[in-house]
Amino acid sequence: MTTVSSRDSFHSRLGFVLAAAGAAIGLGNIWGFPTQVANNGGGAFLVVYLIVTFLLALPALYAEIYIGNQAQTNPVAALASACGKRFKKLGHSAGIIGIIGAMMMLSFYTIVAGWMLAHALASLAELVGLMSLSQWLSTSSTWRNVIFTPIFIVLGAAIVRQGVHSGIERWSARLMPMLLVMLGGLVIYILQQDGAMEGLTLYLVPDFSQVTEPKLIISAMGQAFFSLAIGVGAMMAYGSYMPKGESIGKLVLSITLLDTFIAFIAGLLIIPALFVAQHAGQEVFIDGHLIGEGQLIFNILPTLFSSMGTVGLIVSFAFFALLSIAALTSTISSTEVPVAYLIEDKAMTRKNATWLVSGLVLLASMLLIAFFEQLFALVIQLLTTVLQPLMSLFYFIVIGWLWKRGNQLTDIATLAQDKFLRLLGFYLRFICPALLLVVFVNIAF
């Protein structure tokens, strides 16, 4: 196994925050979150999402990063070590399940990311007069999926194979500021269009009678865990690349606030844009639900942008390029999970591990493409509403009940000196598992 001293690592706190925020900020924020908001009560969903994020998702993120940071190794070895001799096999198995979750995420994520890339190129093609190519790029088809999914997988692999500092940290530091600037510019533009204020009202004025709806709460929980990339080991791997002794709490809060801010800003962009499209005569909602749900932004927004003339095509390119960047920063984090395991536990080189993982993801993606109607939505649902919350529950159990040594949150001497740490330990040990169990009971019954 690779020793701690020989491991690659992040070289700065900012680099870690940007990389971890990049892992969290992705299609879940800019594609998934606004779709969930529009389908689940607008402002009511936003309120529940914020509550769930800070009551459950943030503590789960803390637990995941804390385990990785203390272990200074990959998620499989970290969980095996934290569970102690008695439950070592359980921890190892949970780590493997996390790797499977990361592969599941990558299998559908790279397909959707390919859609983003294709639509960005479609806008460029239309700008230069290649109308037939633009039409093909913007039309959903199996062949388009078969071509663009591998392109995105290769882009992610090219960054991961460069390592933690040279690849992940350096590219996250470049891509994240670019994403923030592009998102801000698009929001300013869309809010000036006719119809935008109606969307803004739906988004920011909650109907509190809907906040207790079980379906809304479950959707908000799934979105919160998916958005923060919790439960698949990505954050645990990133935490292991930070030196011990860092203030994990402050880092986790920074990541959560940045991720939530991006989701909120994405809502300011997408929800008003849907109403701008509706104001322009396009049908967007039927019985209060989006037409095509997750596919809507590919059906409605390109048409809206095209109606704006040349400026609209530039806006369209910027929007889908933004989504491609967001997808890329998340893809590299999920890829790092199985790569770190293969490097440290199976003694593979980073290059070989990266290409092996990418090859397996490609096979899984092609399987989803081949059986799209049967598998695509099912894989997303299993990951976000079952596997990710269950893994988060396991993290709470590990920290609160199984990890006896080297765990500040259960160390009596340490807790006696630090009141905040004592409260946090109690919250992670008792309250968080209870809250998650209540949600799971609602899902089952």
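1. In this note a helix is a DSSP run of at least four residues in state H or I, and helices are numbered from the N terminus. On that basis, helix H3 gives the most to the lining of the second largest pocket, with seven residues. The model under discussion is a predicted one, and the points below should be read accordingly.

2. The second largest pocket has a volume of about 480 Å³. Its lining consists of 21 residues, of which Tyr62, Ile248, Gly249, Phe420 and Leu424 are the closest to the centre. Two or more lining residues come from each of helix H3 (43–71), helix H12 (248–279) and helix H19 (419–444). Sorted by class, the lining of this pocket holds 12 nonpolar, six polar and three charged residues.

3. Leu106, Thr110, Phe152, Ile153, Gly156, Ala157, Thr331, Thr335, Val357, Ser358 and Val361 line the largest cavity. Helix H5 (88–127), helix H7 (142–160), helix H15 (310–345) and helix H16 (350–370) are the elements that each give two or more residues to this lining. The largest share, four residues, comes from H7. What is the make-up of the lining of the largest cavity by class? Six of its residues are nonpolar and five are polar, and no charged residue takes part.

4. The largest nonpolar core comprises 153 residues, and within this core Phe16, Ile67, Phe108, Phe319 and Val398 touch the most other members. H5 supplies the largest share of the core, 19 residues. As background, nonpolar side chains tend to be buried together in soluble globular proteins.

5. Leaving aside residues up to four places away in sequence, Phe108 touches Phe226, Leu368, Phe376, Val379, Ile380 and Leu383. Phe108 also belongs to one aromatic cluster together with Tyr109, Trp115, Phe226, Phe372 and Phe376.

6. The structure holds 16 aromatic pairs. One of them joins Phe108 and Phe376 in an edge-to-face arrangement, with 6.3 Å from centre to centre and 85° between the planes. This pair links distant parts of the chain, since Phe108 lies in helix H5 and Phe376 in helix H17 (residues 372–402), 268 residues apart. Both Phe108 and Phe376 are buried.

7. Why is the pair of Phe372 and Phe376 stacked? The ring centres of Phe372 and Phe376 are 4.5 Å apart and the planes meet at 20°, so the pair counts as stacked, the cut-off for stacking being planes under 30 degrees apart. Phe372 and Phe376 are about one helical turn from each other because they are four residues apart in helix H17. The two residues fall into separate accessibility classes: the relative accessible area of Phe372 is 23%, so Phe372 is partly exposed, whereas Phe376, at 8% relative accessibility, is buried. The cut-off that divides them is 20% relative accessible area, under which a residue counts as buried.

8. Two alanines call for a check of the backbone. Ala229 has a phi near 55°, a positive value in a residue other than glycine, and Ala347 likewise has a positive phi near 55°. For context, most residues other than glycine have a negative phi. Ala229 sits in the loop between helix H10 (214–227) and helix H11 (234–240), while Ala347 sits in the loop between H15 and H16.

9. Is each of these alanines buried or exposed? Ala229 has a relative accessibility of 3% and therefore counts as buried. Ala347 has a relative accessibility of 70% and therefore counts as exposed, the cut-off for that class being over 50%.

10. With a relative accessible area of 36%, Ala173 is partly exposed. Ala173 and Phe16 are 157 residues apart in sequence, yet their C-alpha atoms are 9.2 Å apart in space. Phe16 is also among the core members that touch the most other members of the largest nonpolar core.

Conventions. Residues are numbered from 1 along each chain as its sequence is written. This is a predicted model: local features need pLDDT of at least 70, side-chain atom pairs count only at pLDDT 80 or more; totals for chains, interfaces and linings use all residues. Side-chain values use heavy atoms; hydrogens and water are left out. On a 1 Å grid over the protein atoms alone, a cavity is a set of points where a 1.4 Å probe fits but cannot get out, and a pocket is an open set with protein on both sides within 12 Å along at least five of seven lines; lining residues have an atom within 4 Å of a point. Ala, Val, Leu, Ile, Met, Phe, Trp, Tyr, Cys and Pro count as nonpolar, Asp, Glu, Lys and Arg as charged, and the others, Gly among them, as polar. Grid points are joined across faces, edges and corners, and a volume is the space filled by probe spheres set on the points. A nonpolar core is a set of buried Ala, Val, Leu, Ile, Met, Phe, Trp, Tyr and Cys residues joined through side-chain atoms within 4.5 Å. Buried means under 20% relative accessible area, exposed over 50%, partly exposed in between (1.4 Å probe, protein chains only). Contact means heavy atoms within 4.5 Å. Rings of Phe, Tyr and Trp (its six-membered ring) pair if their centres lie within 6.5 Å; planes under 30 degrees apart count as stacked, over 60 as edge-to-face and the rest as tilted.
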